[in-house]
Amino acid sequence: MEKIKLMLYGVARYLCIALVVNIACLYLGVSLLWPVTPIALVAIAVLLGLAFPRRPKGRWQGFRETIVYFLSAFHLLLVGLWMHFVLGYFGMALNARFRAMTDCADRVVIHDNVGFCHAAPTEEPALYETTNKAEIVEFNALFRFAGTSPQCKCCGYPGVYWWRDGKRIGALSIHHGKAVRVEGKGCDWRLTLDSGQHIEKWLKEHCGVSSKDGASPTHLKCRLSRYELAAVVESFMKAKDGKLPTPEELRAQFNRIGKNIPSCPASGKYALTFDEDGTVHVTCSILRHNR
Ligand SMILES: [Zn+2]
Ligand SMILES: [Zn+2]
């Protein structure tokens, strides 16, 4: 028993010393460069503690022990959080499931939709699409998970779809650069901190959007309204040789499906633009809604 106490205190003592080194490494950026540093320091501390067991003697013995045990427990907690949030060690099972779902994909499409709970993937415009195998592998590698979390209230933005031989093999929506919701799974999968940042950066560079763009309910409703309006105007014009519907005709068109003319929930004004091939676009006067 005495021997165990000696070893425990020995380890705790070195953990305290390592805590100081760890904080210094974090402050100097060493841990950011080599994220495995905090774990290596703990391992060294444990080995040293086992090699040099001891207990405090003399006055304040109990007090010193309490402080050392408290600080070492605090240190272990910090490193645990680091492993969880930064390294994603506790999300290994999710990482494996994600790889199994996406590894054989031959096409990845990012859709301008607010999660698959509202939309079919082909109904809303694609922001980016690739069939380049190397690029797909690179993109998939951005996703690293730290664990699960309760479902976010919003539907996520944008939607990411993996295809193989013309069949959809996986879909997820991104939540605020922090988590994803995989289609058919009950909870959200939390991204590691740096994974979330890398995905955000990728979305900016390739799609010109941020996963924070589409997640607000107002944003989402405006977007859906605009798509709905554009689709109805487009089908009207197709049927009438390119004639633009008057507001009256538009109202009648929507009445037929039991709806009012869609509008921006934040009272933005809608304007129509046309491509040469007759595609109709609706833009909102609140500019950030169009992003
Ligand atoms: Zn969300
Ligand atoms: Zn709007």
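I noted the ground rules next. This is a predicted model, in which local features need pLDDT of at least 70 and side-chain atom pairs count only at pLDDT 80 or more, while totals for chains, interfaces and linings use all residues. Residues are numbered from 1 along each chain as its sequence is written, and chains are lettered from A and ligands numbered from 1 in the order in which they are written.

Entry: I took helices (H or I, at least four residues) and strands (E, at least two) as DSSP runs, numbered from the N terminus. Two strands pair if DSSP finds at least two bridges between them. Strand 8 (residues 270-274) and strand 9 (residues 280-284) pair in the antiparallel sense over five bridges. I found Val280 in strand 9 as the bridge partner of Phe274.

Entry: I traced seven strands in the order 2-1-4-5-6-7-3, with antiparallel pairing. Strand 2 (126-130) and strand 3 (145-149) each have a single partner strand, so one side of each is left without a neighbour in the sheet. I checked one pair: strand 6 (residues 179-182) and strand 7 (residues 188-191) run antiparallel and are joined by two bridges. Val180 has Trp189 of strand 7 as its bridge partner.

**Entry: the cores.** I call a residue buried if 20 or more other C-beta atoms lie within 10 Å of its own, exposed if 12 or fewer, and partly exposed in between, with C-beta atoms placed from the backbone. A nonpolar core is a set of buried Ala, Val, Leu, Ile, Met, Phe, Trp, Tyr and Cys residues joined through C-beta atoms within 7 Å. The largest one has 23 residues. Val108, Phe145, Val160, Val180 and Leu191 have the most contacts inside it. Helix 5 (92-102) and helix 7 (193-207) are among the elements that each supply at least two residues of this core. I also found a second, separate core of ten residues, including Tyr14 and Val42.

I then followed Leu191. Two residues are in contact if their C-beta atoms, placed from the backbone, lie within 7 Å. Beyond its neighbours within four places in sequence, Leu191 touches Phe145, Val180 and Ile199, among others.

**Entry: Trp163.** This residue lies in strand 4. Trp163 counts as partly exposed because 18 C-beta neighbours lie inside 10 Å. Phe145 is 18 residues away in sequence and 21 Å away in space, C-alpha to C-alpha.

**Entry: loops.** Where does Pro158 sit? I found Pro158 in the loop between strand 3 and strand 4. A cis peptide bond joins Tyr157 to Pro158, with omega about -10 degrees. Asp165, in the loop between strand 4 and strand 5, has a positive phi of about 50 degrees although it is not a glycine. Asp165 has 9 C-beta neighbours inside 10 Å, so it counts as exposed. His176 lies in the loop between strand 5 and strand 6. Its phi is positive too, near 55 degrees. With 16 other C-beta atoms within 10 Å, His176 is partly exposed.

**Entry: helix 9.** Just after helix 9, Gly258 takes a positive phi of about 70 degrees.
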